[in-house]
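Subject: Structure handover and notes

Hello,

Here is the structure, as promised. Please look it over before reading my notes.

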Amino acid sequence: MPYRLIGLPMKILIVEVNWLGDVLFSTPAIKALRKKYPHSYIACLIVPRVREVLENNPNVNELIINDEEGIHKGFLGKARLVSELKKKKFDTAILFHRSFTRAALIYWAGIPQRAGYSTGKRRFLLTHAIPMPGKDSLHRVEYYLNIVEPLGCDAADKFYELFTTEDDNRFIEKLFLEQGIATEDFVVCLNPGGNWNPKRWPKEHFAQLADILMSEYKAKIIFSGSKNDVLLIKEITGLMRHQPIVAAGKMSLTQAASLFKKVDLVISADSGPLHIAASVGANVLALFGPTSPVITGPIGKGKIIVLQKDVECGVPCYDTRCVDNRCMRDITVEEVISAVKEFLPVKRP
């Protein structure tokens with residue numbers, strides 16, 4: 001059932017989620033809001049770790065940091081945040097985050113129009129309560145579009161986006177120059193990390209894959225990742241015969257996005273970097289195990305191939321303590337190499 005927001009142009013506050021991938025998945029909904037309400041002011045309430053996902057987004061006028069571990073921690077911190085939001089005089093809040101606490105903060109901030117999923121006991125805190133979809137019934141992009149569609153927004157465009165700067169692009173140009181990467185080189189970026197271990201492809205597989213790509217396909221291999229992935233990548237490169245380029249821990253999030261734009265292929269498990277790559281139109285080979293591509297599969301303008309093996313486990317599986325990891329181990333290096341061939345440059349006669 002459609003809902004009507006009152007008062008144009010509006011000051012809209014989007015209450016964002018906490019994880020990089022999910023914030024990316026929400027950008028089509030932000031874009032749809034901007035298209036529907038082009039003259040309204042749109043701000044996003046975000047936690048510090050996802051700031052880079054939205055800070056260059058042209059559909060967002062302002063980012064408001066919810067520093068839950070700092071000045072907004074505890075009761076007094078939340079009271080401080082409520083006071084800050086009151087001063088900004090928003091007339092509409094759209095909650096992508098489904099927590100009761102976030103809804104209560106917006107209610108206490110006195111924002112008159114409040115739209116979001118009617119979850120748990122927060123129905124009375126919302127003026128526009130949207131029925132919660134069935135668990136895992138929608139792709140995460142559609143999950144957020146589903147919140148804004150009843151507000152008159154067009155939900156057809158499902159491409160999520162992350163925007164880089166010219167400084168980011170120059171940083172990667174310099175990296176390529178320093179590493180001797182030529183325009184004609186076949187450049188593959190490997191992202192072996194992931195926010196929980198069962199989603200990761202075995203490090204031995206990554207080492208073997210990188211060696212084969214370097215020796216048989218003359219590929220230039222770049223390992224990407226955060227500072228948390230440096231040790232993992234050191235273990236992988238320690239298993240290799242050849243010396244790849246290691247960029248992990250040396251780039252900002254938007255610099256990594258520029259890297260993904262420039263390479264020929266990104267190979268990654270279901271992770272934030274996978275979706276960053278898809279968001280900038282990179283060619284992507286996605287390795288899926290316990291998670292479902294139907295729910296969190298990459299959506300982008302580049303060429304996308306998803307590999308997943310049926311190991312008779314229920315998918316999606318959220319058992320972060322799983323030590324078997326058969327769903328990822330069963331994706332063989334040979335299968336990945338076969339898929340990589342789909343991305344090789346076409347040789348001219």
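Predicted model: local features only at pLDDT ≥ 70, side-chain atom pairs only at ≥ 80, totals over all residues.

Residues are numbered from 1 along each chain as its sequence is written, and side-chain values use heavy atoms, with hydrogens and water left out.

Helix packing

Helices (H or I, at least four residues) and strands (E, at least two) are DSSP runs, numbered from the N terminus. Axes are lines fitted to C-alpha atoms, for helices over the stretch in contact, and angles run from 0 to 180 degrees between N-to-C directions. Angles under 35 degrees count as roughly parallel, over 145 as roughly antiparallel, 65 to 115 as roughly perpendicular, and the rest as oblique.

Start with helix 1, residues 20-36. Its axis and that of helix 10 (residues 272-279) come within 8 Å and cross at roughly 25 degrees. That makes helix 1 roughly parallel to helix 10. The contact (heavy atoms within 4.5 Å) involves L20, L24 and F25 on helix 1. On helix 10 it involves G272, H275, I276 and S279. The crossing of these two helices, helix 1 and helix 10, is left-handed. Left-handed means that the near helix is turned anticlockwise from the far one by less than a right angle; clockwise gives right-handed.

Now helix 3 (residues 74-88) and helix 4 (residues 100-108). They pack at an angle of about 50 degrees, with axes 9 Å apart. That makes helix 3 oblique to helix 4. The crossing of helix 3 and helix 4 is right-handed. Helix 3 brings K78, L81, V82, L85 and K86 to meet T101, L105, I106 and W108 of helix 4.

Burial

Buried means under 20% relative accessible area, exposed over 50%, and partly exposed in between (1.4 Å probe, protein chains only). Helix 9 (residues 253-262) has eight of its ten residues buried, so it is largely enclosed by the rest of the structure. Those buried are L253, T254, Q255, A256, A257, S258, L259 and F260.

A286 lies in strand 11, residues 284-288. With 0% relative accessibility, A286 counts as buried. Neighbours within four places in sequence aside, A286 contacts S268, L274, P298, I305, V306 and L307.

Salt bridges

A salt bridge here is a side-chain nitrogen of Lys or Arg within 4 Å of a carboxyl oxygen of Asp or Glu. The count by this rule is 15 salt bridges.

One of them joins E161 and K31, at 3.3 Å from N to O. E161 sits in the loop between helix 5 and helix 6 (166-178) and K31 in helix 1, so the pair ties together parts that are 130 residues apart in sequence. K31 counts as buried, at 17% relative accessibility. K31, D157 and E161 are linked in a network of salt bridges.

E235 and K203 form another salt bridge, with the closest N and O atoms 3.1 Å apart. E235 is in helix 8 (residues 230-238) and K203 is in helix 7, so named parts of the chain that are distant, 32 residues apart, are linked. Both partners are partly exposed: E235 at 33% relative accessibility, K203 at 29%.

D330 and R326 also meet in a salt bridge, at 3.3 Å from N to O. D330 is partly exposed, with a relative accessible area of 24%. R326 is partly exposed too, with 39%.

Which charged residue is buried yet has no salt bridge? That is R34, a residue of helix 1. The nearest side chain of opposite charge, E62, is 10 Å away. Lys and Arg count as positive and Asp and Glu as negative; His and the chain ends are not counted. Residues up to four places away in sequence aside, R34 touches S40, I42, N59 and N61.

Backbone angles

Most residues other than glycine have a negative phi. D136 is not a glycine, yet its phi is positive, about 60 degrees. D136 lies in the loop between strand 6 (128-130) and helix 5 (140-148). At 32% relative accessibility, D136 counts as partly exposed.

K218 also has a positive phi, near 55 degrees. Its place is in the loop between helix 7 (203-216) and strand 8 (220-223). K218 is exposed, with a relative accessible area of 60%.

Best wishes
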